[in-house]
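Thank you all for coming.

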Amino acid sequence: MRIGVHPNNLHLRLARLWPGAFVDLQPIFVSYAEGRDTAALLESGDIDLGGTGSTPPLEADIRGLGVEYVAASAPRPANGAIFVRSDSPIGSVAELKDRRISLIDGSFHTYLLARSLEGEGMSLPDVERVESGARDSLADLLEGRVDAWVAMSPRLEKALERDDVRLIVRCGAAIPNRSLFWTLERNGLSATEMRAIVSELSRIGSEIAADPRAAAGLLASGDRGGSGDRGGTDIDAWEKVVRSRDFTVFPIDDEIIAEQQEEADTLLRHGHFAKPIVLKRPETTR
């Protein structure tokens, strides 16, 4: 089984380095740059399974690719936030109207921003979304090229320790922010393979929770396949990241599908999607 690994999915980054991970599935771990590339790699057959936030599989569904959800993490309320400069006149989400906001558009950043704005009676067209890509978003914020920054781990934890930026919203106040592990129906994973994936993700998650320092050491040493943290995060910082999240993994159920449907409907309301998505309940999937 070809398992995709990108820098922002810590569970699969760690699985790549974890002893005996997925051994019964004869894994080949495939590194790639970012979660938004997952659908294209699944479509081309370069990978059989990927792990992302909640938005990339919806982006794949809107393209008609036929997403099949396999597993989901527990909510990760600490793994996303919106920052402004400490000296910014912006005091809350309500004051983001007409402002430039740096984010990875088409990731969970988009949903976090949409839900945060919606809570203040605004929508995505009320702000200017600035694609961050591989740029240094913190530098863009501090040097005034953008007015706000949607951040995620591990840079989020570093930002929280700075006195030149200020937090205005945390992820848990707006969205569940789970990791989702998914494939495409066309790739034909069997029920047995999907159960094995859930079992292995759960086992690895339990072992990470039991020894977060060991997990942090693996992340700090870098992923030999090239998907290590570009920010040079040290073991102590990684340990804070690992301890801040719940690595529990569940099989897909009605609750997860309902959350995904709510996100799809929200992004449709905000004009991010041009047409509705109707997700299948787990028992109606192949």
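**Helix H7 and the interior**

If you look at what covers the buried residues of H7, you will find among the elements helix H1 (10–17), strand S4 (67–73), strand S10 (180–184), helix H8 (212–221), helix H9 (235–243) and strand S11 (249–251). Please keep in mind throughout that this is a predicted model.

Helix H7 itself runs over residues 191–210, and its 20 residues reach 29 Å from the first C-alpha to the last, which is close to the 28 Å expected at 1.5 Å a residue. Its buried residues are Met 194, Ile 197, Val 198, Glu 200, Leu 201, Ile 204, Gly 205 and Ile 208. They lie on the same side of H7, because the arc they cover around the axis is only 165°. On the face turned away from that buried side, H7 carries the exposed residues Thr 192, Arg 195 and Ala 210.

Let me turn now to the nonpolar cores. The largest has 49 residues, and those touching the most other members are Tyr 69, Ile 82, Leu 96, Leu 113, Leu 117 and Trp 182. Helix H4, residues 108–118, gives the most to this core, with six residues. A second, separate core has 31 residues, including Ala 15, Leu 25, Leu 219 and Val 249.

Finally, how many cavities of 30 Å³ or more does a search of the whole structure find? The search finds one, and the largest cavity has a volume of about 240 Å³. Its lining consists of 20 residues, of which Asn 8, Thr 52, Gly 53, Phe 108 and Met 152 lie nearest the centre.

Key
Residues are numbered from 1 along each chain as its sequence is written. This is a predicted model: local features need pLDDT of at least 70, side-chain atom pairs count only at pLDDT 80 or more; totals for chains, interfaces and linings use all residues. Side-chain values use heavy atoms; hydrogens and water are left out. A nonpolar core is a set of buried Ala, Val, Leu, Ile, Met, Phe, Trp, Tyr and Cys residues joined through side-chain atoms within 4.5 Å. Buried means under 20% relative accessible area, exposed over 50%, partly exposed in between (1.4 Å probe, protein chains only). Helices (H or I, at least four residues) and strands (E, at least two) are DSSP runs, numbered from the N terminus. The expected span of a helix is 1.5 Å times one less than its number of residues. The arc is that of the directions from the helix axis to the C-beta atoms. Contact means heavy atoms within 4.5 Å. On a 1 Å grid over the protein atoms alone, a cavity is a set of points where a 1.4 Å probe fits but cannot get out, and a pocket is an open set with protein on both sides within 12 Å along at least five of seven lines; lining residues have an atom within 4 Å of a point. Grid points are joined across faces, edges and corners, and a volume is the space filled by probe spheres set on the points.
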